Amino acid sequence: MAKRDDEIKQIPGEESGNGLSRRSFLKIGGLAAAVPVVTGPKIIQVGGEQVEVHGPHAAPITLMVNGKRQTLNVEPRVTLLDALREDLDVTGPKRVCDRGECGACTVLIDGKAVYSCSTLAIDAQGKEIVTIEGLMAGATQLSPVQEAYVQHDASQCGFCTSGFVTATTAFLRDHPNPTHEEMVRNLGGNFCRCGTYGGIREVVQAHAGGKRAATEAAGAVAVKGGF
Amino acid sequence: MADKYAWPAENERAYIGKRISRVDGPFKVSGRAKYTYDYNPKGLLYGAVLRSPYPKARIVSIDTSAAEKMPGVKSVHIVQKDPTGKPVTIQFAGDDVVAVAAQTEDQAEDALRAIKIQWEVLPHFVQDEKEPSGPLQGPTVMSQDDLVGALSNQMPQGQLIQQLKTNGVSFKVDDEFIKQMKQFNIPQPIIDAVQQAPYHPEAQNQPQSPYKEVRNETKGDPDSGFKSADVTHEGLYGSTVITHCCMEAHGVVAEWPDPDHLLVHISTQSVSSMPGQIAGGLKAQGVNIDAANIRVEQQNVGGGFGSKFSADRWGVYVPMLSKKAGGAPVKVMLERDAELEVAGARPSHYARVKIAATRDGKITAWDANGWGTGGPGGGAAPPLPYVFDVPNQRNRYISVSTNTGPSRAWRAPQHPQAAVITMGALEDLAAKLNMNPVEFFRKNIEYVTEARRQIYLDELDIADKMMNFSSRWHPRGQGGSGMMRQGLGLSIHTWGGRGHNSNCDFTIHPDGSVDIKMGTQDLGTGTRTAILIVAADTLGIPMEQINLHIGDSSYPTSGGSGGSTTIGGVSSSTRRGAVDARDALFAKVAPALGSTPDKLVARNGKIFVEGDESKALTWKQACAKIGPMPITVQGKNPGPENLTNSGVGGVQMADVSVDTETGIVKVNKMVAVQDCGLVIDLKTAESQVLGALVMGVSYALFEEKIYDPSTGVMLNDNMEFYRLAGLGDIPEMQVHMMTGKGYDERGVIGLAEPPTVSPGAAISNAVANAIGVRVPYLPITPDRVLQALESEEKGARA
């Protein structure tokens with residue numbers, strides 16, 4: 001890995017140190033045009049500093065996904081969502097709108113709920129990525145939020161559910177006593193087509209009331225045959 | 001026994017009718033549920049599709065040579081190749097033209113940019129809101145283009161043959177044309193019909209009109225009905241075209257494990273019918289494969305709502321891409337813009353309605369002039385007047401052909417639009433009579449089919465209490481004097497919902513485990529849960545002891561999930577299978593219990609002699625007596641005894657606030673009272689109704705497919721501007737399911753469609769009650785509200 005450029009790290013929004021940041025780009029200026037087509041991250045010396053250059057071809061990157069370090073080969077234009085789904089077969093996050101409108105692709109990056117369809121995979125390096133698959137309380141044990149989603153029947157077709165559960169998890173962690181307005185603001189970036197909002201609202205309300213839902217007997221039915 | 005399959009009595013049900021959490025819930029909330037979109041087999045290639053940028057255009061030439069040489073590209077398939085070799089005419093923007101498969105999605109998209117197409121752009125027409133003016137179409141004489149269009153758009157064979165027979169063709173059918181049709185495997189009956197079709201060369205020069213009269217009926221004597229009335233009202237009502245917007249786009253993964261076998265994962269509402277559809281589509285491409293050699297799998301589907309019954313173009317070209325790529329798996333999921341443009345549309349329906357009543361509120365006459373579009377093919381007339389079959393009717397409807405994405409069935413096809421028109425006109429007339437609409441509906445209940453009169457009256461009563469409707473109702477326009485106005489509205493609806501054909505293999509193993517195989521699908525409605533509930537209640541064992549396998553075309557066939565037919569179908573076939581399997585088990589264990597099979601009962605995990613629970617075997621002990629071979633029976637629907645039924649009612653009420661400065665409508669509360677015969681799972685049933693209310697708020701206030709008249713393309717083909725209702729838009733919602741005596745004994749009836757019908761009409765009526773003026777069209781957007789208020793003010797000043 002290239003040496004981190006501390007000066008670059010101080011610029012908000014450019015903390016990643018991966019890819020070619022705007023600042024680095026400005027530093028190398030006209031040199032950029034002379035950068036040859038490379039097949040992996042190339043390190044060039046600019047003003048005595050090392051700068052990493054990606055692309056346009058696939059290059060190896062490392063992502064920390066659900067506590068596991070994963071190395072994959074992606075083009076710099078690949079989104080985190082596509083890298084997760086297509087390279088790592090982490091298929092919980094879904095692509096629905098593909099432009100940061102619906103929330104079905106929501107993952108946690110360093111604990112914050114973000115749209116993975118609008119995040120580049122190379123920019124997610126060095127960060128903790130947690131997807132719906134990583135939110136389980138154990139190998140087969142649902143988290144309290146997941147349990148509440150089952151109990152309040154807050155999923156129908158289930159395609160938006162991954163994103164909703166992920167967003168709800170971050171929301172309830174940050175808002176232990178959520179108000180209706182906070183719910184609408186924080187979960188308003190997720191859409192559902194089957195109309196499960198009634199159940200989702202109950203999940204949040206039950207949490208607000210401090211009545212974390214116990215698993216209903218029938219809700220815990222183990223389903224065989226696989227889905 | 002005459003009634004051995006009958007649904008168990010209430011005191012014998014451990015699960016049926018209770019609140020059971022959906023069995024696949026844990027898989028869905030943890031991201032483990034796998035959808036077509038999630039199927040990533042080894043060596044997967046990604047497809048991308050070049051789509052028509054024009055709403056109407058002729059393809060002069062397609063050059064894919066450069067694309068074929070692009071990095072990573074493995075196969076290219078021209079979708080728009082017509083059976084006769086003539087240039088294809090595209091009928092709506094976004095239609096699939098060329099498909100490419102490559103090693104990565106980005107490579108496939110790069111390759112699309114290298115495809116060269118020469119277009120001859122033709123004039124288009126996309127306007128449907130304006131009342132039709134201009135000449136109507138004569139009988140449609142088919143041009144060669146029309147015929148090719150009908151064939152490539154999979155017009156039903158019977159309809160096509162009928163049209164050819166009645167209206168004829170405008171082109172000379174020569175031997176060359178017949179030869180070409182044969183080459184492309186056009187079915188012989190169609191070829192015969194083309195050959196025998198009357199030739200009308202003069203029709204070539206007929207002026208083309210988008211307007212076609214599809215209904216013109218009179219019942220009773222409307223003129224005297226209007227004359228005898230004390231009060232007459234005329235109004236304009238309608239719903240614009242909306243789209244399905246399934247969260248999981250339509251899409252397919254296809255692979256050929258060997259040249260004679262095809263494996264398809266497809267996002268579908270109809271697993272069992274897919275092999276046949278795909279085989280038919282491939283045949284037209286010159287690829288012969290038996291439907292029996294096509295296996296279709298789908299564990300979960302991310303929404304369908306009526307839009308996923310067909311194999312569609314992609315159900316054929318993805319297998320073609322795979323074949324051309326040596327059988328490697330190829331995945332194509334529609335991009336969101338394509339999903340909204342081409343893969344979902346609910347037709348628009350508008351109408352000018354004249355309706356009249358006597359002073360005491362009895363309707364005397366109805367006259368509706370309707371129109372609307374379902375895309376290039378026009379569309380069918382909605383069922384008007386809706387629910388109330390009032391005396392003295394005249395109904396006329398003009399179907400409008402537009403160069404927009406073709407319509408598909410949308411949850412309760414035609415009914416929500418018909419409700420908006422009918423319930424709106426009724427409510428407006430009641431307002432003119434200064435009458436509470438609950439009272440007005442009651443006054444006219446005799447025009448509702450007799451079978452459901454009492455159901456509606458009961459449901460109206462319950463809804464009235466839940467909403468405090470009558471005690472809070474105010475005459476129109478008295479919803480407050482400030483900026484914010486409050487109003488109440490109501491609507492009633494109906495649906496059929498009889499169970500479809502369904503089959504299952506039902507097996508009890510000697511170790512006590514049970515498995516059910518059925519070629520059905522669970523759209524998120526709770527189908528899996530319902531099947532397990534019925535099976536567990538019949539065998540008297542816990543649900544988790546039963547393995548359920550669905551979503552595979554190799555299982556016994558079960559109908560498509562549409563028209564609220566699934567619950568009646570799968571619960572009935574499961575019940576019959578479970579009863580027969582249980583009875584076969586009884587026969588095996590009766591000797592050991594010193595009894596006869598007809599005296600045995602299966603309950604609480606035991607098999608025992610009725611009236612003497614000391615003579616009992618545990619389920620496991622009983623199954624050990626089966627012997628080495630498991631018991632397998634087939635459960636069917638239909639079958640002996642009627643377990644499913646048809647025909648439900650349903651009442652909904654809405655409470656809204658309207659900001660008269662901004663035009664923003666806020667739904668405060670909605671109440672739904674719904675019957676559906678015997679409820680299998682109360683929890684998922686209520687979820688269905690709640691979901692329908694949410695969907696209703698969404699289409700009532702936000703959803704509209706907006707086309708630019710000058711370019712003919714959809715302007716809001718994304719989820720930012722094609723707005724769905726979000727959490728903040730959802731009112732307080734209360735659902736009451738009609739259960740128990742009078743309902744349970746009807747048998748199981750479908751539920752998905754009916755509660756979707758009324759929300760739009762109830763909300764529209766509540767808005768009219770609040771602001772004193774009708775907002776004619778859904779969605780009731782702020783601009784439409786302000787426009788209605790403004791026209792009212794102008795009217796008052798004049």
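In what order do the 3 strands of the open sheet in chain B stand, and in which sense do they pair?

Reply: In this predicted model, the open sheet of chain B has the strand order 4-2-6, with antiparallel pairing. Strand 4 (89-90) and strand 6 (116-121) of chain B lie at the edges with a single partner strand each, so one side of each has no neighbour in the sheet. Strand 2, residues 57-63 of chain B, is joined to strand 4 of chain B by 2 bridges in the antiparallel sense. Within this pairing, Ala57(B) faces Ile90(B) of strand 4.

Turning to the interface, 72 residues of chain B touch 57 residues of chain A. The two chains bury about 5,500 Å² between them, and 54% of that area is on carbon and sulfur atoms. On the chain B side, Val29(B), Met247(B) and Leu727(B) lose the most area to chain A, together 16% of what that side buries.

Arg77(A) forms a salt bridge with Asp110(B), with 2.9 Å between the closest N and O atoms. Several elements of chain B each supply at least two residues to the side that touches chain A, among them helix 1 (25-28), helix 3 (105-112) and strand 26 (732-738). Helix 19 of chain B gives the most, with 9 residues. By class, this side of chain B holds 27 nonpolar, 25 polar and 20 charged residues.

How values were computed: Residues numbered from 1 in each chain as written. Chains lettered and ligands numbered in written order. Predicted model: local features only at pLDDT ≥ 70, side-chain atom pairs only at ≥ 80, totals over all residues. Heavy atoms only, no water. Pairing = 2+ DSSP bridges. Helix = DSSP H or I, 4+ residues; strand = E, 2+ residues; numbered from the N terminus. Contact = heavy atoms within 4.5 Å. Buried area = accessible area lost by both parts, 1.4 Å probe. Salt bridge = Lys/Arg side-chain N within 4 Å of Asp/Glu carboxyl O. Nonpolar A, V, L, I, M, F, W, Y, C, P; charged D, E, K, R; others polar.
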